[in-house]
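Subject: Structure handover

Hello,

Here is the structure we talked about. Please open it next to this note and read the two together.

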Amino acid sequence: MPSVLWVLFDGGGDRPKNGVTPFFAALKPVIDKLTSLGSCGIMDPISPGVRPGSDTSHLALFGYDPYKYYTGRGAFEALGAGLELRPGDVAFRTNLATVDARGIVVDRRAGRYVALEEAREVESLMADIGEEVERKFGVSVVYKSTVEHRGVLVLRGAVSHKVSDTDPHATGEAVRRAQPLDASSEAKLTADVVNYITEAFAERSKGLEANKRRASRGEPLINAVLLRGAGYMPEIEPLRKRYNVRGAAIAGVALIRGVAKAVGMDLYSAEGLGGTKFDKFEEAAKLAVELLKRYDLVFLHVKGTDSASHDGDFRGKVDVIERLDAALRPYEAILEENYVVVTSDHATPILVREHTGEPVPIMLYGPDVVRDDVGKFSELTCWRGALGRIRGLDVMPTIASYLGLSEKFGE
Ligand code: ZN
Ligand code: ZN
């Protein structure tokens, strides 16, 4: 039974610069051969002109309308960090930061580098604060450090995501007080809890060993925690139920891992997949091909194209595409026996350095998929293909139909 390998270049879409795009310029013989044998088109990840975030776009691509299921990035981020979330839990993205004596943020990332033992020490302080919160407010708190200064905070209880950020999103400004964003008692309680945690952390972080060390070396202190992006865990019917598809995702980025997990995919990691433009794909490609035997759908997320785009690095973006293609080369014959989808979750043009709202190219290869006359995967060519112009939400039903897994609509 054939399965589907879905390669997604995050922010892979682009606008022509001197007439070419990174997809057009990249030497990618495997992808281009499959393209020449399959169907191409262009895809509006959400709908024409909407500038997607990676989270909303991935939801749409996995077949879940983001206008219905997107509840803020916090919940997906927390899932991706390995926390178990229940429907109704409220999650925040957090930064460890440095404030001056007046509480003004001087570094939103506390020097950016936070060592593992420092992160563990912060987690244990947060656990203490969490116990107090539980006693005082009846809300349970879980905090987890992810990478460097980043972390996630989850609240469980009579809480609400309708609460403002404490992160001022800029240096030179004071840490904000969380405000309830509606009149509910849950929003009020959540704001109280967030403000309690913020103040307790400011006070008690003075005693961290990490800060004694940092102070003696003149490094930025970890003396504030900034919260943003409150989101609640939505009720999501898993992929397997909704599309009858068993899915696996290989991704290095917490946010994408979180979205994949939220829709019920099994998560896998591979060596070399850290989420930067320097990632290596040999292990990921090998794993993906192995997983094709066990899953209907294997999703491989490539973050480097987006990272290079935000840096304005055309050559770097081309390199990521070429490295991924080279990693697939040993498996060309196996891929030709399966289905392959190649696309992007949105454009991040090198010249703009931000996500934009135009459609991105998409390619679908399969032994029984129509062969159109497009021989190269790119923005400049795929619009001529047999898939025409589709939406992100159309991808999963298309995959399920080719795999023979979808239910008939009507009789
Ligand atoms: Zn993205
Ligand atoms: Zn991006």
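Predicted model: local features only at pLDDT ≥ 70, side-chain atom pairs only at ≥ 80, totals over all residues.

Residues are numbered from 1 along each chain as its sequence is written, chains are lettered from A and ligands numbered from 1 in the order in which they are written, and side-chain values use heavy atoms, with hydrogens and water left out.

**Overall form**

The protein has 15 helices and 13 strands. Both are DSSP runs numbered from the N terminus: helices are H or I with at least four residues, strands are E with at least two. The C-alpha trace spans about 65 × 50 × 35 Å along its principal axes.

Of the 411 residues, 56% count as buried. Buried means under 20% relative accessible area, exposed means over 50%, and partly exposed is in between (1.4 Å probe, protein chains only). Among contacts with a separation of 6 or more, residues 24 or more positions apart account for 74%. A contact is heavy atoms within 4.5 Å.

**The sheet**

Eight strands form an open, mixed sheet in the order β9-β8-β10-β1-β11-β12-β2-β13. Two strands pair if DSSP finds at least two bridges between them. The edges are β9 (266-268) and β13 (388-391); each has a single partner strand, so one side of each is left without a neighbour in the sheet. The twist averages 25 degrees from one strand to the next. Angles run from 0 to 180 degrees between N-to-C directions, with axes as lines fitted to C-alpha atoms, for helices over the stretch in contact.

Start with β10. Six of its six residues are buried, so β10 is largely enclosed by the rest of the structure. In a regular strand the side chains alternate between the two faces of the sheet. In β10 both faces are covered: L297, F299 and H301 are buried on one side, V298, L300 and V302 on the other. β10 pairs with β1 in the parallel sense over six bridges. W6 stands opposite F299 there. Four bridges join β10 to β8 (residues 247-250), again running parallel. G247 has L297 as its bridge partner in β10.

Elsewhere, β2 (residues 39-44) and β12 (residues 360-365) run antiparallel and are joined by five bridges. M43 has V360 as its bridge partner in β12.

Two helices lie on the sheet. α3 lies across β1, β2, β10 and β11, at about 160 degrees to β1. α15 touches β1, β2, β10, β11, β12 and β13, and its direction also makes about 160 degrees with that of β1.

**Aromatic pairs**

The structure holds eleven aromatic pairs. Rings of Phe, Tyr and Trp (its six-membered ring) pair if their centres lie within 6.5 Å; planes under 30 degrees apart count as stacked, over 60 as edge-to-face and the rest as tilted. The W6 and F62 ring centres are 6.2 Å apart with planes at 85 degrees, so this pair is edge-to-face. It links distant parts of the chain: W6 is in β1 (residues 4-9) and F62 is in the loop between α3 (54-61) and α4 (66-69), 56 residues apart. Both W6 and F62 are buried.

Y339 and Y402 form a tilted pair, 5.6 Å centre to centre and with 45 degrees between the planes. Y339 is in β11 (residues 339-344) and Y402 in α15 (residues 395-402), 63 residues apart. Y339 is buried at 5% relative accessibility. Y402 is partly exposed at 33%.

Ring pairs also link W6, F62 and F299 into a cluster. Separately, the charged end of K376 sits over the ring of F24, 4.6 Å from its centre. That term requires NZ of Lys or CZ of Arg within 6 Å of the ring centre and within 35 degrees of the ring normal.

**G229**

G229 is in strand β7 (residues 224-232). G229 is partly exposed, with a relative accessible area of 23%. Not counting residues up to four places away in sequence, G229 touches R73, G74, A91, F92 and D165. The C-alpha atoms of G229 and K241 are separated by 29 Å, with the two residues twelve apart along the chain.

Best regards
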